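Please examine the sequence and the three-dimensional structure below.

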Amino acid sequence: MARLRIRNRDARRLWLAQMLLTDGPRDPAEIIRALGFLQIDTIRNVARAQDHILWSRATGYREERVWRLLKSRDLFEHFTHDASLIPAEVLPFWSRRFRVLGERVARGSWYHSGLAQDEIHRIRDRIEAEGPLSTHAFDTRIEGARDMWARPPHKKALDQMWYAGTLATSHREKFVKFYDLGTRVFADGIDHGKTEGEQVDWLCGRAIDRLGVATRSEIMQFWQAATPAEVRRWSEAADLRPVEVEAAGGGTTEALAPPDIAARIAAAPSPGTRMRLINPFDPAVRDRTRLERLFGFAYRNEMFVPKAKRVFGYYVYPLLEGDRFVGRIELRAERQAGVLVVAGFWQEPGVAWPAARGDRLTAELQRFRRFAGLEAIRWDAPCPRP
């Protein structure tokens, strides 16, 4: 079959539609199901990532409500490329991920708790007897140097069992994770009798459906639950359309797409002109290589970069207007004062800031301020210039 050539503007429009940044469901469970999963993060710079990502697609959403879906078992928590909330429908195809991650952490020295097996068993036995417990219920101490990512031995033991599915996230309270037995959280267990091949086929099929257009590498990276060889085998057998996608800077990339890709492109709505404040952990910007190829927008999350080495700032949000990224902005919340602070602002090279664009940014900051429960906005950075 001849390769379908996809214009860059069409590829952008399709991607934003796939990411529900043009139109789509407003129910949090439906949003997560359509995206595939929702990354979660502990940092509450203004709002935590999981809450901001949902609010970006449903401005009626309010903070912390997503945990209701975890408690009701509509979602489960595990590890894709990072800690994520995953729709329950994925669980029957996830046993290989529990196994692979369990084996990986068992081999990795960073996860070794240093506890004897009987001590680890006692942690599990306490959870079995007492019900869901958080890491605060245990009191082992870090020995030696306390580096940035140091964790006490009991936390490492809990995580070892969590990766393997022996333990699972029962619920969260103010982001604190409560561990319970996997057999109690996953009522039907984690082994649903699906073969390795069936799991790979299902996961790869769901990945390309949510990505719309993707290289084999991007399909593999979506769940991070299949090897390159497995993705290649699946792609050679699946009903896929070969395409070539125009890049923002010129040239094309060969990729794969569902057989109805032309209809998807035709149906993808216009992104409009609204300015959107995109969270650094948003799935729309997660793949930095894809982001730069499609939009010509080079972005790096610098919150874990030493301050002296940052190009921009600590928690910097990309600014999406229509189908292009027009700038980036560093924000923080001063909660006692009730203020959303603009700590830094950078407009993209070649992007002018007429009054109408500034008004759209102000409107989005006001929406975000209200979502975070703040009373005012303060600019500590130079304002955008026309």
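## Overall form

This is a predicted model. The protein contains 14 helices and 14 strands. Its radius of gyration is 22 Å, close to the 21 Å that the globule rule gives for 386 residues, so the protein is as compact as a globular protein of that length. Along the principal axes, the C-alpha atoms occupy a box of roughly 65 × 60 × 35 Å.

Of the 386 residues, 53% count as buried. Where contacts link residues at least 6 apart in sequence, 63% of them join residues at least 24 apart.

## The largest cavity

Rolling a probe the size of a water molecule over the atoms shows where empty space is left. In this protein, the count comes to four cavities of 30 Å³ or more. The largest cavity holds about 120 Å³ of space.

Its lining consists of 15 residues, and those nearest the centre of the largest cavity are Val 213, Val 245, Arg 290, Arg 293 and Leu 294. By class, nine of the lining residues are nonpolar, three are polar and three are charged. At least two lining residues come from each of helix 1 (8-18), strand 9 (252-257) and helix 13 (288-295). Helix 1 makes the greatest contribution to the lining of the largest cavity, with four residues.

## The second largest pocket

Which element gives the most residues to the lining of the second largest pocket? Helix 13 does so, with four residues. By class, the lining of the second largest pocket has 12 nonpolar, three polar and four charged residues.

## Helix 13 in both linings

Helix 13 takes part in both sites. In the largest cavity, helix 13 is one of the elements that each supply at least two lining residues. In the second largest pocket, helix 13 gives the most to the lining.

Terms used. Residues numbered from 1 in each chain as written. Predicted model: local features only at pLDDT ≥ 70, side-chain atom pairs only at ≥ 80, totals over all residues. Heavy atoms only, no water. 1 Å grid on protein atoms, 1.4 Å probe; cavity = no way out; pocket = protein on both sides within 12 Å on 5 of 7 lines; lining within 4 Å. Points joined across faces, edges and corners; volume = space filled by probe spheres on them. Nonpolar A, V, L, I, M, F, W, Y, C, P; charged D, E, K, R; others polar. Rg over C-alpha atoms; globule rule 2.2 N^0.38 Å. Buried < 20%, exposed > 50% of the residue type's maximum accessible area, 1.4 Å probe, protein only. Contact = heavy atoms within 4.5 Å.
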